[in-house]
Amino acid sequence: MPRYSDQYLSQLLAQRDYGALADLQGIALGWDGYDAKLPSFGWPQPIFVVFEILTWLAQADRSGAWTYYEATPPERQACALATLEILNAVTLQQQYAYGEMHWQDSEASEKLDDWIRENEQRIIEWAFATLAEHPAALALVSS
């Protein structure tokens, strides 16, 4: 029996806002297959990268993207970058890679923070579109 109904998940997906993404991430964190020791947490790739980008966005909003790169293991960063490439999320991949390469440069990091703020809604829309394109993956982590 699923932990969350299809109707509830559909309601969250229909909201198309940051709060709904955070709720969906909370659901995925409670999945039995979640493993914090794995770079992708054991989630299917689309689920992993959506919620990793959500974390990237949140840290950039709160304290700057450099804090994300400082705190995130390189293996997880590599996994996120590879998954963005697989999903053909070109602009996000470029910005994420830019941050990975330049996070210790305050001017470059500030430039990335500005880009993230200016594109926050587009990032959220991308996240919802990616989840909608992979319903089986979302169903898996909500079971």
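**View 1. Contact of helix 3 with helix 5.** In this predicted model, Gln45, Phe48, Val49, Glu52 and Ile53 of helix 3 meet Arg76, Cys79, Ala80, Thr83, Leu84 and Ile86 of helix 5, where contact means heavy atoms within 4.5 Å and helices are DSSP runs (H or I, at least four residues) numbered from the N terminus. The residues of this contact divide into seven nonpolar, two polar and two charged; Ala, Val, Leu, Ile, Met, Phe, Trp, Tyr, Cys and Pro count as nonpolar, Asp, Glu, Lys and Arg as charged, and the others, Gly among them, as polar.

View 2. Serine 109 lies in helix 7 (residues 106-118) and is buried, with a relative accessible area of 6%, where buried means under 20%, exposed over 50% and partly exposed in between (1.4 Å probe, protein chains only). Leaving aside neighbours within four places in sequence, serine 109 is in contact with Trp66, His102 and Trp103.

**Notes on the model.** Residues are numbered from 1 along each chain as its sequence is written, and side-chain values use heavy atoms, with hydrogens and water left out. Local features need pLDDT of at least 70 and side-chain atom pairs count only at pLDDT 80 or more, whereas totals for chains, interfaces and linings use all residues.

Terms used
Helix = DSSP H or I, 4+ residues; strand = E, 2+ residues; numbered from the N terminus.
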